Amino acid sequence: MKKSEQAIRDVQHFGEEGGVVPVVDVAVTSTFLNPLDMERTFRGELQGCYLYSRHSNPSVNAFSQKLAAMEGSEAALGVASGMAAIASAVEAICTAKGPGGHIVSSRTVYGGTWALFNNLLPKRGISVTFVDPTDTEAFEKAIRPDTRLLYTETVSNPLLTVSDLPALSKVAKRHKIPLVVDNTFAPMLVSATRQGADVVLYSCTKYLSGSADLIAGAVCARREFIDQLIDINVGPVMLNGPVMDARVAHELYLRLDHLPIRMRAHSEAALHLARVLDEANIPLIYPGLKSHPQHALIRSMLSEGAGFGGMITVDCGTPEKALDVASRLQQEKFGLYAVSLGFSRTLISCPALSTSSEIPEEEQSKMGLSPGLLRLSIGYLGDLEVMARRFLDCWKAVHPGRG
Ligand code: PLP
């Protein structure tokens with residue numbers, strides 16, 4: 001974490017009059033003093049000029065540069081949402097080799113990603129094989145001659161399964177295909193790039209924003225790949241148009257400075273609660289507990305000084321009990337019953353009925369997603385002891401004699 005924190009610290013852009021933060025540059029279009037330069041820029045013969053905000057914008061570039069420093073990637077690009085980042089990166093990789101193609105993906109991915117891969121991409125001639133994210137051999141076995149990429153989430157949504165990024169990276173390199181990783185649950189904690197990922201995706205809507213007030217995403221990769229996304233002739237971001245607004249980029253630019261502090265606070269609060277619940281024999285998943293099947297693995301990938309993140313899941317047994325626990329938790333001001341994550345306050349949801357509902361029940365059970373699972377994005381506000389006590393009281397009211 002220290003490396004990423006220092007890298008964020010070392011990115012510096014001044015405002016027009018020497019201000020300590022850059023100004024927001026909202027201009028959609030830029031003036032060319034020499035009209036010939038516009039044509040040369042469109043032809044790709046002249047670099048460094050701003051053309052039009054769908055192609056590039058100074059505020060989006062400033063945020064992207066700071067995010068790349070954090071992630072340890074050569075470059076980055078802020079886009080309109082996490083889904084825009086996923087869809088654009090996948091499209092750029094697949095279409096670079098012509099129509100069609102095949103993806104080997106972890107089976108435990110965010111519901112929206114699963115729906116994109118299972119429902120939409122096949123309509124465009126791209127097929128996907130889903131495999132167990134902890135089974136590196138299964139990834140390799142599923143690779144075909146037309147496989148264009150491997151896809152996984154560092155810490156999966158919602159099951160918090162940890163992928164072995166260095167091992168998957170070796171497989172990807174052996175087959176000369178990129179490893180694409182969604183690192184939304186672990187910004188600052190794991191640099192997926194340093195662990196071997198070629199393309200790293202973020203939903204900035206979550207921890208990077210931290211305030212549950214904006215939708216945004218980002219792609220981190222080598223410069224050449226980022227340029228491919230905004231290529232005026234074939235770039236999926238340039239041509240489908242899911243760009244980041246300059247004002248959103250500016251907000252995120254400022255918020256990156258306190259991301260390390262927020263991630264530490266989320267991790268501390270989640271670890272405290274996980275220990276209390278574990279002690280009370282409540283069935284939970286948290287990568288920071290020694291009982292987590294990939295505890296040693298995540299430890300080996302964590303950046304120096306990083307915690308285990310702010311996400312916990314608790315299995316209430318049935319959806320009815322999950323909703324009963326959730327409404328009591330909301331009533332007792334433990335958290336809010338809402339989707340999304342990475343907010344200062346705790347957010348609670350039942351993935352089987354919400355963010356993973358796109359995944360058919362049969363697939364949910366294959367991936368081990370219990371219908372009674374509650375996902376908790378632990379906020380950092382409040383007294384940790386008081387919050388843990390509130391949780392235990394609500395749990396005991398629904399599960400008398402358990403926990
Ligand atoms: N990736 C993960 C892991 C997510 O949890 C989400 C949304 O919940 C997304 C991507 C999509 O992000 P967005 O809602 O910003 O499009």
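Start by selecting proline 158: this residue sits in the loop between β4 (147-153) and α7 (165-174), where helices (H or I, at least four residues) and strands (E, at least two) are DSSP runs numbered from the N terminus.

A word on what you have open: it is a predicted model, so local features need pLDDT of at least 70 and side-chain atom pairs count only at pLDDT 80 or more, while totals for chains, interfaces and linings use all residues. Residues are numbered from 1 along each chain as its sequence is written, and side-chain values use heavy atoms, leaving out hydrogens and water.

Next, click on the ligand.

- Aspartate 182: a side-chain N or O atom is 2.6 Å from a ligand nitrogen.
- Lysine 206: a side-chain N or O atom is 2.7 Å from a ligand oxygen.
- Glycine 82: a backbone N or O atom lies 2.9 Å from a ligand oxygen.

Last stop: asparagine 281, in the loop between α11 (259-279) and β8 (284-285). Its phi is near 60 degrees, a positive value in a residue other than glycine. Is asparagine 281 buried or exposed? It counts as exposed because its relative accessibility is 65%, and the cut-off is over 50% (1.4 Å probe, protein chains only).

Key
Polar contact = N/O pair within 3.5 Å; in protein donor to acceptor, adjacent residues only side chain to side chain. Buried < 20%, exposed > 50% of the residue type's maximum accessible area, 1.4 Å probe, protein only.
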